[in-house]
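The following exercises are meant for a reader who is new to this structure. Each task is followed by a solution in steps.

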Amino acid sequence: MVNFNHAPFLVIWEVTQACDLACVHCRASAAPHRDPGELTTGEGFGLLEDVRLFGDPLMVFTGGDPLKRDDLFVLLRRSVELGLRTTVTPSATPLLTEGAIERIKGCGVARMALSLDGPDAESHDGFRRVRGSFDRTLFGLQYARRIGLDTQVNTTVTRRNLTRLGEIADRVADSGAKLWSVFFLVATGRAQADDDLTAEEYERVFEFLYETSKAAPFDIKTTEAQHYRRYVAQRRKAEGNGRARAEASDVIRRQAGINDGKGFVFISHRGEIFPSGFLPVCAGNVRTGGLGDTYRTAPLFRMLRSSDSLEGKCGECNYRNLCGGSRSRAYALTGNYMASDPRCVYQPAC
Ligand code: SF4
């Protein structure tokens, strides 16, 4: 398992909180207008140079809607020039035009990610609270495919779409996306704990994802469901060697051990450094201190990387290094980011 003490695997920069959608589960509680306190273009360049000092992490430009920034393409191009594998997650609004997608591709971005939270306009637009978002998402995926820009689809699993994941997976397959990135709800921002699944329902979704992963033409990864790795490890053990095991293990191998603040760092639009966009405990600011120093030495990050500091059943669990539970969910639901993930059914042997 990779040691993430010195550098993250993934850096997420929320370039703006501005967005013309109003999604019911928005982590960023996004609003239509840009915050004047956003990092400037020059500060963004400095941030990207700091990220490059980590080595070769994945660099994700997120929002809000990154397309709300006039200098987005300048920043994307700089990221690519620095040698960072760069992904952008625009919102599906009228700003996502053919021209915008062509410019994203022209910057050398490796992949564009779009969100799809329902298999049809009624369900997806109901989530996004703006009519036309579903059609715009399908347009964006189709146009990117036509011009040769790789895509991924992001879906947040909640009580609203729990029974429709199969239909969404079919849409992902039809789109030609390379990756289905499945987010599990953390009750922060506008997200409500009532929309979250029970621990038993998480387990049933894991079964669905695992079975889907065996034949799907796209990879599947989970966010804030670290215990999917425990589920897959259990299934692999039960199934023994074989093709299905090899395919599933590749996904797990890439994500093994990654958690909030451990292989993962989030920079807010104002430059604040967080272990995750879903864990609102700030460890510093790129305006006043080095990103690398904060990631490596801030007590918050060091604590989060210490699986020996986990509490409750996560602390006793034989899967704690592979999984460790969602630190963000533990914080959102208990106020203690080292507590057990309340949405895990697994009971470690004492
Ligand atoms: S008890 Fe905690 S560490 Fe163990 S599988 Fe569940 S969430 Fe992961």
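**Exercise 1.** How many residues surround the ligand, and which are the closest?

*Solution.* The structure is a predicted model, in which local features need pLDDT of at least 70 and side-chain atom pairs count only at pLDDT 80 or more, while totals for chains, interfaces and linings use all residues. Residues are numbered from 1 along each chain as its sequence is written.

Step 1. A residue is near a molecule if its C-beta atom, placed from the backbone, lies within 6 Å of it. The ligand is surrounded by 15 residues, and the closest are Cys314, Cys317, Cys323, Gly325 and Cys344.

Step 2. Two or more residues of this shell come from each of helix 8 (227-239) and helix 12 (312-316). Helices here are DSSP runs of H or I with at least four residues, strands are runs of E with at least two, and both are numbered from the N terminus.

Step 3. By type, the shell holds seven nonpolar, four polar and four charged residues. Nonpolar covers Ala, Val, Leu, Ile, Met, Phe, Trp, Tyr, Cys and Pro; charged covers Asp, Glu, Lys and Arg; the others, Gly among them, are polar.

**Exercise 2.** Determine which residues of helix 7 are buried and which are exposed on the face turned away from them.

*Solution.* Step 1. A residue is buried if 20 or more other C-beta atoms lie within 10 Å of its own, exposed if 12 or fewer, and partly exposed in between, with C-beta atoms placed from the backbone.

Step 1. In helix 7 (residues 199-215), the buried residues are Tyr202, Phe206, Leu209, Tyr210 and Ser213. They lie on the same side of helix 7 because they cover an arc of only 100° around the axis, the arc being that of the directions from the helix axis to the C-beta atoms.

Step 2. The face turned away from this buried side carries the exposed residues Glu200, Glu207, Lys214 and Ala215.
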